[in-house]
Amino acid sequence: MSSRVLFFLLPLGAVCTMLSTNPKACASLALLVVGLAVTLRWLDRRGVQAVDVGLKSGMLPLLVSIALMQVGCSPNSPLCITICVLGGSLAGVWMGYQLGYGRAGLFVWLATASVALIIAALGSLDVGLVASIGLSTAYIATGAIVAALVRLRAAI
């Protein structure tokens with residue numbers, strides 16, 4: 001069961017590596033996320049949940065970053081940074097809702113964020129460091145806020 005995720009991650013990593021202007025770094029990140037995802041899924045059902053939510057929530061920032069570079073957005077431009085932060089925020093909201101509703105613990109939260117941010121980094125390598133940091137910060141912040149709000153609402 002843990003290796004089934006390879007059918008999705010290997011082609012995704014290959015496509016991102018081919019599209020990237022920094023293929024070595026992209027290939028390294030692809031191998032990192034493959035190893036992390038297989039290991040987490042192998043551990044237990046919490047790892048499966050973390051990988052599933054992480055992959056789903058990391059896809060929006062990945063696709064946004066790839067689209068920005070394909071349309072010729074210059075790295076670290078204000079427009080590029082704004083769009084990356086917006087994509088990271090939306091993905092963080094979705095992740096926070098999923099993990100808050102599922103009452104996930106710290107391990108699942110950290111594992112999910114790790115998988116999602118590595119997936120997002122596959123695309124954001126080319127959009128610049130500031131855009132990547134903005135995307136990651138927005139993802140984590142909105143995810144934590146939404147998860148806390150969902151848990152608070154459930155407690156009331």
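Buried denotes a relative accessible area under 20%, exposed one over 50%, and partly exposed the range in between (1.4 Å probe, protein chains only). The structure is a predicted model, in which local features need pLDDT of at least 70 and side-chain atom pairs count only at pLDDT 80 or more, while totals for chains, interfaces and linings use all residues. Residues are numbered from 1 along each chain as its sequence is written, and side-chain values use heavy atoms, with hydrogens and water left out.

**View 1. Asparagine 76 in the loop between α3 and α4.** Asparagine 76 has 32% relative accessibility and therefore counts as partly exposed. Its phi is near 60 degrees, a positive value in a residue other than glycine. Most residues other than glycine have a negative phi. Helices are DSSP runs (H or I, at least four residues), numbered from the N terminus.

View 2. Buried in α2 are Cys26, Leu29, Ala30, Val33, Val34, Ala37, Leu40 and Arg41. Seen down the axis of α2, these residues fall within an arc of 145 degrees, so they line one face of the helix; the arc is that of the directions from the helix axis to the C-beta atoms. They pack against α1 (6–19), α3 (45–70) and α5 (106–124). The face turned away from the buried side carries the exposed residues Lys24, Leu31 and Trp42.

**View 3. Alanine 91 in helix α4 (residues 78–101).** Alanine 91 counts as buried because its relative accessibility is 3%. Not counting residues up to four places away in sequence, alanine 91 touches Ser57, Leu60, Pro61 and Tyr139, contact meaning heavy atoms within 4.5 Å. Glycine 58 is 33 residues from alanine 91 in sequence, and their C-alpha atoms are 6.7 Å apart in space.

**View 4. The largest nonpolar core, with 34 residues.** A nonpolar core is a set of buried Ala, Val, Leu, Ile, Met, Phe, Trp, Tyr and Cys residues joined through side-chain atoms within 4.5 Å. Leu9, Leu62, Ile119 and Leu122 have the most contacts inside the largest core. The elements giving two or more residues to this core are α1, α2, α3, α4, α5 and α6 (129–155), and α5 supplies the largest share, ten residues. Apart from this core lies another, of nine residues, among them Leu68, Cys73, Cys80 and Val127.
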